[in-house]
Number of protein chains: 2
Amino acid sequence: MYLTQGLHRALRHTPERPATIFGDRIRSVAEHADRVARLAGGLHTLGVSDGERVAILSLNSDRYCELLLAVPWADGVLNPVNVRWSPAEIVYSLVDSDTSLLVVDDTFAPLVPELREGHPGLRTVIHAGDGDAPDELVAYEELATGPAAVPDARRGGDAAAGVFYTGGTTGFPKGVVLTHANLLTSALGSQATCPWVVPGGRGLLAAPLFHAAGLAPWLVQSVVGGTHVLLPAFDPVAVMRAIAAHRVTSTVLVPTMLQRVVDHPDLGRHDLTSLRILLYAGSAIGEALLLRAIEALPATDFVQAYGMTELGPIATMLTAEDHRRGDRLRSAGRAAVHAEVRVVDEVGNEAPRGTVGEVAVRGGHVMAGYWAKPKETAAAVRGDWMHTGDAGYMDDAGYVFIVDRLKDMIVSGGENVYSVEVENALSRHPAVAACAVIGVPDLDWGERVHAVVVLEPGARATLDDLRAHVTAAIAGYKAPRSVEFVDELPVSGAGKVQKAQLRARPSRAFATAGHGGRR
Amino acid sequence: MYLTQGLHRALRHTPERPATIFGDRIRSVAEHADRVARLAGGLHTLGVSDGERVAILSLNSDRYCELLLAVPWADGVLNPVNVRWSPAEIVYSLVDSDTSLLVVDDTFAPLVPELREGHPGLRTVIHAGDGDAPDELVAYEELATGPAAVPDARRGGDAAAGVFYTGGTTGFPKGVVLTHANLLTSALGSQATCPWVVPGGRGLLAAPLFHAAGLAPWLVQSVVGGTHVLLPAFDPVAVMRAIAAHRVTSTVLVPTMLQRVVDHPDLGRHDLTSLRILLYAGSAIGEALLLRAIEALPATDFVQAYGMTELGPIATMLTAEDHRRGDRLRSAGRAAVHAEVRVVDEVGNEAPRGTVGEVAVRGGHVMAGYWAKPKETAAAVRGDWMHTGDAGYMDDAGYVFIVDRLKDMIVSGGENVYSVEVENALSRHPAVAACAVIGVPDLDWGERVHAVVVLEPGARATLDDLRAHVTAAIAGYKAPRSVEFVDELPVSGAGKVQKAQLRARPSRAFATAGHGGRR
C-alpha cells in the first residue's frame, strides 16, 4: 500500500465530499486531489524525485494535508519539522537529512534567513502562507494551481515515506525513517484492533501533524475515507467549537490537551455528542483525569494507544471495551493485532509477568532505521525487536503498564524532553559545574523539567539565568521549570549520575524559582 | 505478518479462553497452541520444511484449525483440498503441486487407496479422525500430543502460505498461490473497512475451510482474537443451534446457505440475537432473499464481500451502513481500503461509469500467481491488475455491480445476454425452484440462451410459459430459446452452480421446445 491510496479511493467514491475543513475554507476530495497532483508537478519542477526529502515547518492546515500526499505523489520523502524546535535544532535536522527543500507557513517564514544561514544547502523554500510570498520564496498557491497534474509515483511498500526527527537520547535528534508499509501496518492494524476513526466520518486534527499524535489519525482517516477538520494549533475552546460546528466524529488528544478540554469552564456549553471516539496517547494519563473525561463525555468511546515514532507509531491499545470494563485504566493496553510486544530483561529474555523490564516490540511497523545512524539503529532494533527504552511490566492478561522511562526521558506537556539534551545545554553555562535533569510530577505539565545543579565554586545563578541560557540553545519547553542547588550529585561506581536517587529525594519538588550560590 | 501471529497474541492475552469449539470438544488457547507446536514438531519428523506442501482433505473440525497453524509453524505450505472433488481431481491437484503429505479425516480416509494409486508420490497420509488410524496411516492424535513442541518458523510476509485450488475456467483446476502478506492484507484491510468479525467474539465457521468463505473468517477471527465455533458441514438447523448454544457473534454464509437458514420453518424457535454480524459472499444474492434475511435477523448487521481466491479473497464490501441505507442492495459494494478496483474494457482502459466491462483489482492482496502456470498467471494478472473474469459496472459513487461471469455471458445474435439477469427473471416464475442459464452453440444465433430448470414439487411448465414470463420482465432476445428440466443442479462446495458442468453435458442441446413436470 501507499500513503496516497486513500485519496485515489476517495476520488472514486466521494469526489464531492469535503476532504479538508480549515477555518472557513472547505475543499472537496476532487479539489484536494487536483491540488495534490498539481503540487506534485510543481515539486517535480523544483527537482523533487526519487526519495528526495521535503521538509515542512508549519502549523496544521489544509495545505499541510496536501503536502503529506503531494510529496510521496512526487516520489519524495516527507520531513515534518517539530514546530517547537529552535532554529539550531531545525538546521541540525535539515543538514543531517540532506534536505534542500523546505515549506514554511506564515508563522515560520521569519525564520528562513537564519535557517538559510545555518544550512547553505537549502536550495528552495516554499511559502505556504496566506499573504504574498516573501522575496526568494516560492509561492505555494502557484504550485498548487499552476503546474499540470502529474501521475502519482505510487511510492509505497518498503520505500521510505518520511524522516521523522525525535529528540535523541544522545542529545541530538535522530531521524526515524518510516516506510509506507510501516505507517500503513500501524494504521490498518490499529483500526482492526479497535476502530478509533469513523469510516466516512470527520476527524479533528488538533495535535500537530509533525507529531505521531497528528500524523497517525490523519493517515487512518485518509485510508478509511472521510474529512479532516484542522486546527492550526491546540486550543481547548477551538477544539470544542470545531467538534460542535463540524459534527466531528473522532479526535486524538494528548493527556494535557484532554485535561484542558475536560476542565474547561465552558465544557457544558458546547454540543460534543457527535464525538464517537476519543483516542489519547503521547504520555501517561492520570486515572483521575481519565475518569473525569469519561464522565464529561458520556457519548464518547475512549481508546488509548501506546507507541512511539519508531513504531509507526502504535504498539498497544487500551480498547473502548477495556475502558467500559474500567478495571485496568492505568494500563497502556495490549498488543495491537499487528504488533508483538514483550517485556524483556537486560539480556533480552522475556521477563516474568509482573516484573519490570524494557518494553520491546516486533512487527512490520518497526522503523526501517535511524537516518544515517547504523550504530544507533543497531542499538535500538536488536533481533528485529525495537527496544523502546520504556520500563514497564505485563500482567497475566497481557496488559502493559509503563512505569518509567529507562532513559530518563521527560514527558512535559505532551512533548518528549530528553534530559541529556537539557543537561548538555545547561552545562555550558559558566556557573554550572555539574547537573542532572529529571522529570518531576507536575499538575499542569504531567511532568516538569527539573534541574539539579552543582555550581562552580564561588559562582551564583538563578533559575531565570539558567532558563535564559538553555532557551537560547534549545526549545523553550525543554528548559527547566525548577532548579535545586546541591553540593554534589550522587554517582555510581562507574561515575554515572544516579537519577533514580535524585528522583527519590523528598526535596526534589520545590524551588520552582529562586537562586543558589556556592561558597 | 504471519498466519500464526494471532495465536501468539492470544496465548499472551487469553490463554484460558476457548480457541475452538467443535461439538462437545472445547480446547483453550493454551491447549490449541500446545497442540499446534507439537504437531509442527511431528510434521518436521515427517520431513516437512522449507515450503513443502501439506494437503488437508477434511470436513471442518478443530483439527483443521490446528493444521492451518501447524503447517506454517513447521515452515510448510497449506494445500486445502476441495471436499466436493472427485478422486481424479484431487489426484490432479496433489500431483500438480507436488504434494507428498496428506491429512484426511474419517470421511475421506476410504479414498486413500485410490489417491495413492493415482499419485504414487504420496509419501505420508495422516489420519485426523476419531477412531484408530487405518493401516499405513499416521495417527494425528499422536502427532498432536507426542512430539516435543518446536519453535514457530514464523513463516510470513512474502512467503507462500498456501496453494488453493480453484475449479479452473479451462476445465483443469489452478493452484492459487497466496502469500501470508496476501491473506493478511485482505484480513486487516477488510476488517478496517467495515468490522465483520467481533474482536474477542465467537465466529461460526459453517462454510468449508478449504474455501475462502471459511478460511477468510477463520483468519480474521484468529488475528483479532476470539473463538472458532466449527460445524463439520453446513446444515441450517446446526447453524441455528450453534449460534444459540454458543452465543455466536459473527458468521459467513454463502447465499444458498443463508436462504436455507432464513426460510427454515424453525427459524423463530432459536435465539439468534447474539449474532452481531453476518457476512455473505461467494455468489450473487437475490434482493428478495436479502430483504427477507434482514427482516428475519433484526439484531444483526449485514455485510457483503466480493472477491475471489486470487484476491486473498476480499476486494469490495457492501458495508453494514450500506445495508442500513438500503439503496444499493444489488451492489457488491465498494473497494475495501486495501484494494484498488476498476472496471476496464477489452484493452485495459477504464470503462466509463455505468458501462459494463471486466472488474480488475490491484493491491497487496493479489495472489503471487498460479502454481507452475506462468502463462495463466500472465493472462490473469496484467500490469499488476488481477482480471477477475467478472463482468460488471461501477456507478458514480464507486459501487460495483456484478452482472455476470464473463465466461457465463452469452452472445446471442450479436447481443450480450447476462445469464444472471435471465436467471433472476426466470426464478420469479412460481413453478421454478432453481435454474441456471447458459449459452449453447447455435447455427442461427451463434449462441442460444438455454435454461436448465428445477421445478417446484408437483409443478409443471413449458418453454412457452417460461418465455412469456421472462419476456414480461426483460427484453425478448434475453428469453431462453430452449429449456431442459432436471432434478437438481450441480453445485460446488461453496454452493455455486457449476455451469461448466452443465455446458459439458451431452444432453444440453436438445429440448428447444416441450414441457417438464416434476413429481
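Helix axes here are lines fitted to C-alpha atoms over the stretch in contact, and angles run from 0 to 180 degrees between N-to-C directions. Keep that in mind for the helix pairs on this tour. The model is predicted.

**Stop 1: two helices of chain B**

Select α7 (180–193) and α8 (212–224) of chain B. The two helices pack at an angle of about 75 degrees, with their axes 10 Å apart. Angles from 65 to 115 degrees count as roughly perpendicular, so α7(B) is roughly perpendicular to α8(B). Now show side chains. From α7(B), the contact uses B:L183, B:S186, B:A187 and B:Q191. From α8(B), look for B:A216, B:L219, B:V220, B:V223 and B:V224. By class, this contact has 7 nonpolar residues, 2 polar and no charged.

**Stop 2: where chain B touches chain A**

Keep α7(B) selected and bring chain A into view. The contact between the chains takes 22 residues from chain B and 22 residues from chain A. On the chain B side, the elements giving two or more residues are α1 (5–13), α7, α8 and β16. Which of the elements gives the largest share? It is α7(B), with 5 residues. The chain B side divides into 10 nonpolar, 8 polar and 4 charged residues.

**Stop 3: the sheet of chain B**

An open sheet of 9 strands runs in the order β2-β1-β11-β10-β12-β13-β14-β15-β16 in chain B, with mixed pairing. Find its edges: β2 (25–28) and β16 (334–335) of chain B each have a single partner strand, so one side of each is left without a neighbour in the sheet.

Next, the helices on this sheet. Select α2 (29–45) of chain B: this helix packs on the sheet and touches β1 (18–22) and β2. The direction of α2(B) makes about 85 degrees with that of β2(B). Then select α9 (236–246) of chain B. Helix α9(B) also packs on the sheet, touching β1, β10 (201–205) and β11 (226–230). Its direction makes about 165 degrees with that of β10(B).

Now zoom in on β13 (277–280) and β14 (301–307) of chain B. Parallel or antiparallel? The two strands run parallel, joined by 4 bridges. For one pair to click on, take B:L279, whose bridge partner in β14(B) is B:V303.

**Stop 4: another helix pair in chain B**

Select α10 (255–262) and α11 (287–296) of chain B. Their axes lie 10 Å apart, at an angle of about 50 degrees. The two helices are therefore oblique to each other. Their crossing is left-handed. Show B:P255, B:L258, B:Q259 and B:V262 on α10(B). The classes here are 6 nonpolar, 1 polar and 1 charged.

**Stop 5: chain A as a whole**

Switch to chain A and zoom out. This chain has 16 helices and 29 strands. The radius of gyration of chain A is 23 Å, close to the 24 Å that the globule rule gives for 519 residues, so chain A is as compact as a globular protein of that length. Along its principal axes, the C-alpha trace of chain A spans about 70 × 55 × 50 Å.

**Stop 6: a crossing in chain A**

Select α14 (419–427) and α15 (463–473) of chain A. Their axes come within 9 Å and cross at roughly 115 degrees. That makes α14(A) and α15(A) roughly perpendicular to each other. The crossing is right-handed. The contact is made by A:V422, A:A425 and A:L426 of α14(A), with A:L466, A:V470 and A:A473 of α15(A). By class, there are 6 nonpolar residues, no polar and no charged.

**Stop 7: strands and a cis bond**

Colour the strands of chain A. Go to β14 (301–307) and β15 (314–318) of chain A, which pair in the antiparallel sense over 4 bridges. A:A305 has its bridge partner, A:M317, in β15(A).

Follow the loop between these two strands to A:P313. A cis peptide bond joins A:G312 and A:P313, with omega at about 0 degrees. Jump to chain B: the bond from B:G312 to B:P313 is cis, with omega near 0 degrees. B:P313 is in the loop between β14 and β15 of chain B.

**Last stop: A:D50**

Select A:D50, in the loop between α2 (29–45) and β3 (53–57) of chain A. Its phi is near 45 degrees, a positive value in a residue other than glycine. Most residues other than glycine have a negative phi.

Methods:
Residues numbered from 1 in each chain as written. Chains lettered and ligands numbered in written order. Predicted model: local features only at pLDDT ≥ 70, side-chain atom pairs only at ≥ 80, totals over all residues. Pairing = 2+ DSSP bridges. Contact = placed C-beta atoms within 7 Å. Nonpolar A, V, L, I, M, F, W, Y, C, P; charged D, E, K, R; others polar. Parallel < 35°, antiparallel > 145°, perpendicular 65-115°, else oblique. Left-handed = near helix turned anticlockwise from the far one by under 90°. Rg over C-alpha atoms; globule rule 2.2 N^0.38 Å.
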